[in-house]
Amino acid sequence: IKINPSTLQEYLNKAMTSLGEIYERYENEKSKDFDSLAKFTFNIIHNLKGNATLIELDLLQDKFHSVEESLVKLRGKKIEGSDFLNILYEINEIKRMITDMMGMIRKIANIYYNTANEEEIFSNDKIIQSFERAIDRISNETGKKVNFQFDNPDEVLIPEKVKMHINDM
């Protein structure tokens with residue numbers, strides 16, 4: 001995976017919340033306005049697909065695209081409650097995938113934090129290397145040359161409480 005871990009975690013949390021909103025709306029739908037329900041679902045799924053595309057999370061992008069296609073097939077049709085069964089099944093599969101991904105992230109983080117001490121993880125050298133990788137990636141993506149120079153890293157004192165936040169950037 002070539003996604004920043006904090007970005008991935010943030011996206012997965014947002015996706016779970018958004019999918020929960022869909023379920024909540026389905027459960028509370030009393031008026032049988034299925035067209036409105038389909039549009040609501042499409043908008044959330046489309047947004048999640050777009051964000052998955054931005055962070056290059058192809059697996060979820062494809063799954064969301066599949067749900068989108070199912071919703072597009074309902075357009076112009078008299079929608080009934082049973083038309084949503086397949087869509088809810090697909091959304092449930094996505095939720096299961098996201099839950100599995102979140103579990104894997106926790107396991108990887110535990111292994112990482114249990115095998116490396118905090119000084120190694122958040123050393124100035126590691127933080128500088130993170131900046132260098134990010135700058136290289138942005139430079140390659142934009143096609144612009146960047147000269148990153150960090151002078152005297154041993155003389156820079158970064159408070160321990162902010163090192164993790166700097167590293168996440």
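At what angle do α2 and α3 pack, and how far apart are their axes?

**View 1. Packing of α2 against α3 in the predicted model.** The two helices pack at an angle of about 155 degrees with their axes 9 Å apart, where axes are lines fitted to C-alpha atoms over the stretch in contact and angles run from 0 to 180 degrees between N-to-C directions. That makes α2 roughly antiparallel to α3, a term used for angles over 145 degrees. Contact (heavy atoms within 4.5 Å) involves, among others, Phe42, Ile45 and Leu48 of α2 and Leu60, Phe64 and Val67 of α3.

**View 2. The largest nonpolar core.** This core has 33 residues, and those with the most contacts inside it are Tyr11, Leu12, Leu19, Leu57, Leu60 and Phe84; a nonpolar core is a set of buried Ala, Val, Leu, Ile, Met, Phe, Trp, Tyr and Cys residues joined through side-chain atoms within 4.5 Å, buried meaning under 20% relative accessible area with a 1.4 Å probe and protein chains only. At least two of its residues come from each of α1 (5-28), α2 (34-54), α3 (58-72) and α4 (85-115).

**View 3. Surroundings of Leu57.** Apart from neighbours within four places in sequence, Leu57 is in contact with Ile3, Leu8, Tyr11, Leu12, Ala52 and Met101.

**View 4. The whole chain as context.** The chain has seven helices and zero strands, assigned as DSSP runs (H or I, at least four residues, for helices; E, at least two, for strands). Buried residues make up 31% of its 169 residues.

Residues are numbered from 1 along each chain as its sequence is written. In this predicted model, local features need pLDDT of at least 70, side-chain atom pairs count only at pLDDT 80 or more, and totals for chains, interfaces and linings use all residues, while side-chain values use heavy atoms, with hydrogens and water left out.

Terms used. Buried means under 20% relative accessible area, exposed over 50%, partly exposed in between (1.4 Å probe, protein chains only). Angles under 35 degrees count as roughly parallel, over 145 as roughly antiparallel, 65 to 115 as roughly perpendicular and the rest as oblique.
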